[in-house]
2 protein chains.
Amino acid sequence: MSFYLKEIETVNFRNHEAINVSFHPRLNFIVGPNASGKTSLLDAIYYLSFTKGFMGATDQENIRTQTDFFLVKGNYFRNDSDETVSCGLKKDGKKQFMRNGKEYARFFEHIGSFPLVIVSPYDQGLINGPSEERRKYADSVISQIDRPYLETVLSYAKILKQRNALLKNMAENGSNDKDMLSVYNTQLAKHGNHIYKSRNNFVQAFLPFFNEIYARLSGKSEPVSISYISRLHENIFGDLLEANTQRDMLAGTTTSGPHRDELLFTINGLPAKYAGSQGQQKTFLLSLRLAQYAYIRQTIGLPPLLLLDDIFDKLDDQRVANLLEEVLDHNYGQIFITHTNLTMLTWVLGNLKQDYSVIKLKNGLLDEQR
Amino acid sequence: MSFYLKEIETVNFRNHEAINVSFHPRLNFIVGPNASGKTSLLDAIYYLSFTKGFMGATDQENIRTQTDFFLVKGNYFRNDSDETVSCGLKKDGKKQFMRNGKEYARFFEHIGSFPLVIVSPYDQGLINGPSEERRKYADSVISQIDRPYLETVLSYAKILKQRNALLKNMAENGSNDKDMLSVYNTQLAKHGNHIYKSRNNFVQAFLPFFNEIYARLSGKSEPVSISYISRLHENIFGDLLEANTQRDMLAGTTTSGPHRDELLFTINGLPAKYAGSQGQQKTFLLSLRLAQYAYIRQTIGLPPLLLLDDIFDKLDDQRVANLLEEVLDHNYGQIFITHTNLTMLTWVLGNLKQDYSVIKLKNGLLDEQR
């Protein structure tokens, strides 16, 4: 199965004035000095898969300064046919997201159709951040292969918000709307159980990919694991909600449920967050992303695009070699690698036995392509 | 380094009338029908290492019915010299525990001197029981190689009990003995930090042994892990005690500290308790015990005695073969294996290329030895 991005066009996207570039089906190096638009180009590619960026900016913030719209458009090749995806936004306007010229009713219907995995410095919170980041990680990977799951997560969040508002109201006004609470409990339990089961299945299926890749990248120097921690392992969610009603009313929020679960990352049996060295944590992150890649590829039978943003600076020579060997020799699809370090790049390209493109950027414009 | 039990003598111990048996330095099969005294013999051996039995009976309950004392005495060989250990108890009397004819002031001083690891059906609670069992497991393994740790655990338990009594008293009488509480907090924090650090080090050092043995026994069919979960990863214990004073007073007990830690056992990223099959759980247990063996042997440089109680019934043929290969080929010391299944035993012995003893028991007496 073949899947890749043939070319992309951006206008006024972030710091791009206008870029129109075609890609190699396999290997693309995106080079240029700081602020030349490398990461923005990856962000544009990411937009076309996720209907939003990966850098935490709002859609409006992605319109280039002193202009009043942005446009990103990509031409893909999938199996035997071409597809286009485009995203346009006017200042203070509504985002328009289209596949093959047809607008989506709801953006989330697009998620998973153009699979993509990115490894970027923005990942660090996955290890060091609060448990919410790790839940989101699991949910996002599952969503890419199981769209109904994404709907369930969205529904759960909505009902949770409503239930919390009710609880807060009950706490503040001393009111006691038990019927409404009971309705929310039923809905929350239904969606919550679905989330719990999906995450259970995900962790079981995902862990072997992760362990294998971590071992390859690190040379298997230490045992690592991912554990799913949930009170639903030992409780029925509906019962928990009932039992905790008093506590929830006092707290003004829902104190139990899959929104409190943890995906525990360990190195040597201790939380990676506290126990891992910098190098171990980076290898852990990289393994999470590449395992995600392998997991999605196997599940949907299509190789996702792989975006590697500024990762060489973070790894020592041995791990760079391991990483290159990993992505070049293990059946990956189209890859995009950003780079500032020309010495390193020369070294990398000198050793490459395959064909590739180099895309040079400068001040948000395409400088040279070869 | 050589270490083994040369012979043992028991009188009125459990269902033994009187047994006097010598052992093979390497491999001993203890056979006989149900209630012939096989497990009691293992328990006697266990007594000499731990000053108590492994089956949960009180010392007094181990005196044979209608008699008024028991005696267990063992002769060991360690490196180049002989040593004796004996334990005697009179009905309603005080237990007398002696090494080389000299009585111990405190029993715990003996722990770890005659290292021993047992695998028995009584282990099941380690997977399925409450977190207390897993904390005790870690503490007992550490104690066998680090006697000061055992003292710390005992001191911690004592102060915890006193603090809880004070909290209960404060709750009931509305009193507020802040000075005393502050004294307890300081002591508890000191011992608690020691416990936390020792467990941290233990999990890190132990996990590679465990993973390696699990892989050998199971053929590496699934990822397993052990994770140490503690609030002390992210909090200073003294601060936690201070911060939770109000909560502790309301609860009448100490709600934070290493006595609440968890040693999480996972199979495929999910708690072994809920996710593992029967076979996986048994392999997990066996691996815990054999890893404990390897860990102790490496740390103290002496091969512990290994007691395998009734384990063949629980494993399929392939895993029995893996287990035998494991204990016969990997540098284990003296081994005791109980057995009721004579067909299986014949099969096992027929394939053995090494020398061994067979000890037949009948109604609590030695029936035959060859």
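Is A:Arg14 buried, partly exposed or exposed? In this predicted model, A:Arg14 counts as partly exposed because its relative accessibility is 22%, and the cut-off for buried is under 20%.

**View 1. A:Arg14 sits in a loop of chain A.** The loop in question runs between strand E1 (3–11) and strand E2 (18–22) of chain A. Take a look at the backbone here: phi of A:Arg14 is near 55 degrees, a positive value, and this residue isn't a glycine.

**View 2. B:Asn79 has a positive phi too.** For B:Asn79 the angle is near 50 degrees, again in a residue other than glycine. You'll find B:Asn79 in the loop between strand E4 (69–78) and strand E5 (81–90) of chain B. With 30% relative accessibility, B:Asn79 counts as partly exposed.

**View 3. Chain B meets chain A.** Here 23 residues of chain B are in contact with 22 residues of chain A. Together the two chains bury about 1700 Å², with carbon and sulfur atoms giving 62% of that area. What the interface does have is four residue pairs in polar contact, both residues at pLDDT 80 or more.

View 4. H5(B) gives the most, with six residues. By type, the chain B residues that touch chain A split into eleven nonpolar, nine polar and three charged.

Terms used. Residues numbered from 1 in each chain as written. Chains lettered and ligands numbered in written order. Predicted model: local features only at pLDDT ≥ 70, side-chain atom pairs only at ≥ 80, totals over all residues. Heavy atoms only, no water. Contact = heavy atoms within 4.5 Å. Buried area = accessible area lost by both parts, 1.4 Å probe. Polar contact = N/O pair within 3.5 Å; in protein donor to acceptor, adjacent residues only side chain to side chain. Helix = DSSP H or I, 4+ residues; strand = E, 2+ residues; numbered from the N terminus. Nonpolar A, V, L, I, M, F, W, Y, C, P; charged D, E, K, R; others polar. Buried < 20%, exposed > 50% of the residue type's maximum accessible area, 1.4 Å probe, protein only.
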